[in-house]
Amino acid sequence: MKEQLEQFLDNRDRYVICTADIIYTAYMKPEAEDEVEKKHPLSEEELEMAKEIEKASPSQLVKMMRKSLPSHVQMILRKKLLEFDDEVFQDIAERIISSRQEVFANHAAYYLLRSAADARKWIIDNYGEVKSENMKSLLCMVIGVKGNPSDVPFLMDEARRFERDFPDESYSQGPVIALEHIEDRWNKGDFPDFV
């Protein structure tokens, strides 16, 4: 299967900048966010938004995932969601199925990558119910980060489907990034039980 994966990726453009790539890069380099926070203090308006986030209940935090926020404030919201991981997971999961909003999808993907919950299992079990193709693309990325080589056939099928059905969108990059992540881990010896 490893050889098949390598051949599949060799036939794909692997350097497309898209939402999935940006979220994945942020996940792989969390120290970059800390640097941004140190170098760019919050404006008065952003400080007010941050205070609102700090006072919010878990359900209010989930509702805030639909808001367009300045990037500094987004980081604060995302960290706060993770503080309430157990309380917000189910609410976020239910909204993932029905939401078609891009802002929510981005926050949800960021959250799932860092959640202690078994996001991969939940995604596999509910993927067919998800209404948004953009969300599905981002969920594929999460599967790759949280998954293993057993996910390769599904991810390759999804990459092909996105390429075929949505040639003008970058949706295929979600599963391609996922496959690259699995390939990289495989090459580092993380999956000794898979051939």
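How many aromatic pairs does the structure hold? The count is 8 aromatic pairs, and keep in mind that this is a predicted model.

A pair of aromatic rings is described by the distance of the centres and the angle of the planes. Here are two such pairs, side by side:

| Pair | Centre to centre | Angle between planes | Geometry |
|---|---|---|---|
| F162 and F166 | 6.4 Å | 50 degrees | tilted |
| F166 and Y171 | 5.4 Å | 70 degrees | edge-to-face |

F166 sits in both pairs. As for accessibility, F162 comes in at 1% relative accessibility, so it counts as buried. F166 has 26%, so it's partly exposed. Y171, with a relative accessible area of 17%, falls under the 20% cut-off and is therefore buried.

Elsewhere, F89, Y111 and W122 are joined into a cluster by ring pairs.

Now for some helix packing. Helix α10 (residues 133–146) packs with helix α12 (residues 173–187) at an angle of about 5 degrees, the axes being 7 Å apart. Angles under 35 degrees count as roughly parallel, so α10 is roughly parallel to α12. On the α10 side, the contact uses S137, C140, M141, G144 and V145. Their partners in α12 are G174, P175, I177, A178, H181, I182 and R185. By type, the residues of this contact split into 7 nonpolar, 4 polar and 1 charged.

Definitions and conventions: Residues are numbered from 1 along each chain as its sequence is written. This is a predicted model: local features need pLDDT of at least 70, side-chain atom pairs count only at pLDDT 80 or more; totals for chains, interfaces and linings use all residues. Side-chain values use heavy atoms; hydrogens and water are left out. Axes are lines fitted to C-alpha atoms, for helices over the stretch in contact, and angles run from 0 to 180 degrees between N-to-C directions. Helices (H or I, at least four residues) and strands (E, at least two) are DSSP runs, numbered from the N terminus. Angles under 35 degrees count as roughly parallel, over 145 as roughly antiparallel, 65 to 115 as roughly perpendicular and the rest as oblique. Contact means heavy atoms within 4.5 Å. Ala, Val, Leu, Ile, Met, Phe, Trp, Tyr, Cys and Pro count as nonpolar, Asp, Glu, Lys and Arg as charged, and the others, Gly among them, as polar. Rings of Phe, Tyr and Trp (its six-membered ring) pair if their centres lie within 6.5 Å; planes under 30 degrees apart count as stacked, over 60 as edge-to-face and the rest as tilted. Buried means under 20% relative accessible area, exposed over 50%, partly exposed in between (1.4 Å probe, protein chains only).
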